[in-house]
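Good morning. Please look at it first, and then I will go through some of its parts.

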Amino acid sequence: MELTVDQRWDLVERISKETVEVGKYEPSLKDALADVTVRPATGIPFAIAVIYGFWAFFCEFAGTLFTDGFFCKIFDGYWLPWLQGVFAGAPAWVFNIFVGDPLADNCFEAFGVLSSGIFVAIGVVLPAIVAFYLIFAILEDVGYMPRLAVLVDTLLHKIGLHGYAIVPTILSLGCNVPGVTATRSLETRKQRFLAITLLGVFVPCGAQIGIMEGMIPGLIGWVFLALAIGYFGIGWIINKIVPGESPEILMDVPPYQMPTARNIWMKLWTRTSKFLTVAVPFVLLGCVIVAVLYITGAMDAIASGLSPVITGVFGLPQDTAAAMIAGFLRKDLAVGTIGMLAAGGMTITVFQVFTAVVLLSIYFPCLATFALMIKELNWKEILGTLATLIVMVFVYGAILHLIGLSGIGSSPWVPLE
Amino acid sequence: MSNRAAKFGSIYFGIFGAIVLIFGIAGFVVMGAYGTEGVTWGPLEMSGMFFVWRAIILVSAGAMYLSSVCNFGDTRQLAKSVAASIMIWIVAGMWIWAGIAGSIPGGEEGGWFFPSAEELVGLWTAIPPAVFLALLSLAIIYPIRSRRKTA
């Protein structure tokens, strides 16, 4: 006789009730603390404090200390002038692809493979990813992550996942590549498809978050709220539509313990090296394609062809069309380009910036993530993921356009210096 | 835990929990009145981008302290106060970390290492309530040590 997963769990529960005797015991402070952090009344506020700490550390480590404090100075003051000198005698198209705009005085605006490409990969994303995975590894080693998984288990069951799906989701906030890989820990194909689709569409990576944090700090909370609504709303719908099982799992929740430097270093290195070896080549490839599209004039042609959708359906200014298209290849630079266009005189409202950033987040996973998705999913699932994101872009774009028409956030957006 | 430590914990964290709760609520009031610009009152500062989150954490921590004061000698109750203290330490610790991270390099346009002493002092003139509260919350060490001795 073959039992279903639920029947098996019922059987386990019946046997344990009949055979296990629970005596009275005095918990240690560690046990009691473990209990406090998984009970919703005290565990949710504690989780908010932990996530606040996570986020505050991330912003200060990646943004303030490394990117603004060191890398901007190194790349803008030394690297870009050096590149401009070395490539000074090269043909214009070579200069444009490798160094970018000859008049640019900073790597972010240059758009060359060796200027913007290297700066974004090393100067912006790498510190963000190191900060992110450092804290993540500490929380895992301390024993907090399994407790967070228990805490969100009920919520994630509503969308066909179980609590441990929080791990690939949070990993994806650093880089989607290790996030997609981490979905291998989920039990069924349905759960893996669900998790990969949701994190590929609704979870922005560290690169994007880093640039959003610098460009639209006041709107970032709203962007996350819009993405969270999509994550749970669409997750719930996909769970209803897609056939397959979403079984319960028995999770090992280890006691709290002191983290060890060796473990943290190993985890940090494994995950960061995945970004360096898998994602960075795609970041550079994206730069090459964007540069070629601009040089050949193909970008303008595509932008003018798609501008009815950009302006008519999404309600964005026509000038953002090229940035939105570049977002297929480089989401982070696309977000930054909108800031540069506004700084250069384009009129765009606060709500339009919000709309553009939300759409850039959901409308295509980065190239590296997409390549990994092809490896992890079969062609039917890939088509399902693509269909989800295409529908989502139009649904989100149209809804946000309609909300924008009510006049909300209609003041002109002024980019931060 | 000794009776003395339990009694101390009940009284101290009852009063302290109320103070933490008041500061959390004050955070919401200031947020409503002044937005993220907030206010500076003497050495106290209530402002910043994550201001509202800090207020939520302080309100929750205050409520957790207050809910732990009945039967403070029980380990489960003590654990609530320890968790509340950790929450305050996270908020205070991140403020201190932000000050350190901001002062190591001199910003995008500044020098390479360490701003001038005046600038450095300027970073620390106004302090959020969580930093003061974190110092006062260190009293949690006494009941923890007392429990360890009697265990």
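This is a predicted model: local features need pLDDT of at least 70, side-chain atom pairs count only at pLDDT 80 or more; totals for chains, interfaces and linings use all residues.

I start with two helices of chain A, α6, residues 113-142, and α11, whose axes come within 9 Å of each other and cross at roughly 105°. An angle between 65 and 115 degrees counts as roughly perpendicular, so α6(A) and α11(A) are roughly perpendicular to each other. On the α6(A) side, the residues that meet the other helix are Val120(A), Val124(A), Val125(A), Ala128(A), Ile129(A) and Phe132(A). On the α11(A) side they are Gly206(A), Ala207(A), Ile209(A), Gly210(A) and Ile211(A). Sorted by class, this contact of α6(A) with α11(A) has nine nonpolar residues, two polar ones and no charged ones.

For the complex, the predictor gives an ipTM of 0.91 and a pTM of 0.79.

Let us stay with α11(A), which covers residues 206-215, and turn to another partner. The axis of α11(A) comes within 8 Å of the axis of α16(A), residues 331-343, and the two cross at roughly 15°. Angles under 35 degrees count as roughly parallel, so α11(A) is roughly parallel to α16(A). Their crossing is right-handed. Here α11(A) uses Ala207(A), Gln208(A), Ile211(A), Met212(A) and Met215(A). From α16(A) come Lys331(A), Asp332(A), Val335(A), Gly336(A) and Gly339(A). The classes in this contact of α11(A) with α16(A) are five nonpolar, three polar and two charged residues.

The crossing of α3(A) and α7(A) is left-handed. The contact is made by Pro40(A), Gly43(A), Ile44(A), Ala47(A) and Val50(A) from α3(A), together with Tyr144(A), Leu148(A) and Leu151(A) from α7(A). By class, the contact of α3(A) with α7(A) has seven nonpolar residues, one polar residue and no charged residues.

Val350(A) lies in helix α17 of chain A, residues 350-362. Setting aside neighbours within four places in sequence, Val350(A) is in contact with Gly409(A), Ser411(A) and Trp413(A). Val350(A) and Ile408(A) are 58 residues apart along the chain, and their C-alpha atoms are separated by 8.7 Å.

Now chain B. Chain B has six helices and two strands. Reading from the N terminus, the order of elements is α-β-β-α-α-α-α-α. Of the 151 residues in chain B, 38% are buried. Among the contacts in chain B with a separation of 6 or more, 71% are between residues 24 or more positions apart.

How confident is the predictor here? The average pLDDT of chain B is 84, and 85% of the residues score at least 70. Within chain B, confidence is lowest in helix α4, residues 117-122, with a mean of 64, and highest in helix α5, residues 129-137, at 92.

Val69(B) is buried, with 20 other C-beta atoms within 10 Å. Apart from neighbours within four places in sequence, Val69(B) is in contact with Ser10(B), Phe13(B), Gly14(B) and Gly17(B). From Val69(B) to Pro105(B) is 36 residues in sequence and 45 Å in space, C-alpha to C-alpha.

Last, the two chains together. Where they meet, 28 residues of chain B are in contact with 27 residues of chain A. Three helices of chain B, α2 (51-68), α3 (75-103) and α6 (141-150), each supply at least two residues of the side that touches chain A. Which of the helices gives the most to that side? It is α3(B), with 15 residues. By class, the side of chain B that touches chain A has 20 nonpolar, four polar and four charged residues.

That is the end of my part.

Note on methods: Residues are numbered from 1 along each chain as its sequence is written. Chains are lettered from A and ligands numbered from 1 in the order in which they are written. Helices (H or I, at least four residues) and strands (E, at least two) are DSSP runs, numbered from the N terminus. A residue is buried if 20 or more other C-beta atoms lie within 10 Å of its own, exposed if 12 or fewer, and partly exposed in between; C-beta atoms are placed from the backbone. Two residues are in contact if their C-beta atoms, placed from the backbone, lie within 7 Å. Axes are lines fitted to C-alpha atoms, for helices over the stretch in contact, and angles run from 0 to 180 degrees between N-to-C directions. Angles under 35 degrees count as roughly parallel, over 145 as roughly antiparallel, 65 to 115 as roughly perpendicular and the rest as oblique. A crossing is left-handed if the near helix is turned anticlockwise from the far one by less than a right angle, and right-handed if clockwise. Ala, Val, Leu, Ile, Met, Phe, Trp, Tyr, Cys and Pro count as nonpolar, Asp, Glu, Lys and Arg as charged, and the others, Gly among them, as polar. pLDDT is the predictor's confidence in each residue, from 0 to 100.
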